[in-house]
Amino acid sequence: MLLNAKAEELSKYSKLKYEADKFIQKVKELWDYSDLQIRSVYLISDLAKKGNGVFSIAYSTFQTMFEQRFKMKISLSSVRRFFTLMSKLGLVSVHKAKRKNEQQSANIYIIEQQCEEPTQVEEKEHPVEQAPEHQNSISKEIQDGEQKPLSKECVNSKEVQQEEIIHNAYIKFKKHINKTLFCKILTEIKNKKEIRNFQAYLEGALSKVENHIRCNNGTLVFEHHGLSDFYGVLMGQ
């Protein structure tokens, strides 16, 4: 249980010399985010500045700040899922907090990871790790002070449901399928049309790839192939 206080007092819980740019860089290395999520990343990166990587905020307050900053809606359930994702990825840790009068307060969030050195060379060697184009455009919008709402598709129920399916699938298969391969499979599936059951199709594809990787003792023989090639190898074609 941590003591909730002003930013300068919260900073004593910091675990690193916080730099927002390095935090964002690390965040982008670990997951492929929705438009709502990447905007939320930029918001918490700013919230963490005063406390050197530590901040305290209630979900409802975060929701209000998000909607005021980006001029678009976000549900409380989406805020909760976002912080749960950040925690599961090991990017932030969540701690219950009390005010000085011992009353329960908003949780305290501590930034756990950020890039220590620039990784521009690594990005050239591994282009698949680069942030998707829409993420780069959002970054530019925020840096330029522009806060234009994106398509309504970003906030409808179908998008939220698909986001949760992708997140759960990543957690389920990440032991044997790394982020690079996961994103490659996901991109191939998203490019396919007329998929009636997205969850079953995604998990079925991941399961086949996982089984093949495990049979080959972790050798990534699919690095330069598309999803159709994965199935061809798996089926002995």
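1. Is C183 buried or exposed? C183 counts as buried, at 15% relative accessibility, where buried means under 20% relative accessible area, exposed over 50% and partly exposed in between, with a 1.4 Å probe and protein chains only.

2. On provenance, this is a predicted model, in which local features need pLDDT of at least 70 and side-chain atom pairs count only at pLDDT 80 or more, while totals for chains, interfaces and linings use all residues. Residues are numbered from 1 along each chain as its sequence is written, and side-chain values use heavy atoms, with hydrogens and water left out.

3. C115 is likewise buried, at 6% relative accessibility. The structure holds 0 disulfides, a disulfide being a pair of cysteine sulfur atoms within 2.5 Å.

4. S45 lies in helix α3 (residues 35-47), helices being DSSP runs of H or I with at least four residues, numbered from the N terminus. The relative accessible area of S45 is 1%, so S45 is buried. Leaving aside residues up to four places away in sequence, S45 touches Y18, A20, F23 and I24, contact meaning heavy atoms within 4.5 Å.

5. Helix α9 (residues 179-190) packs with helix α10 (residues 198-215) at an angle of about 140 degrees, their axes being 11 Å apart. That makes α9 oblique to α10, because angles under 35 degrees count as roughly parallel, over 145 as roughly antiparallel, 65 to 115 as roughly perpendicular and the rest as oblique. The contact is made by L181, F182, I185, L186 and I189 of α9 together with F198, Y201, L202, A205, L206, V209 and I213 of α10.

How values were computed: Axes fitted to C-alpha atoms, helices over the stretch in contact; angles between N-to-C directions. Helix = DSSP H or I, 4+ residues; strand = E, 2+ residues; numbered from the N terminus.
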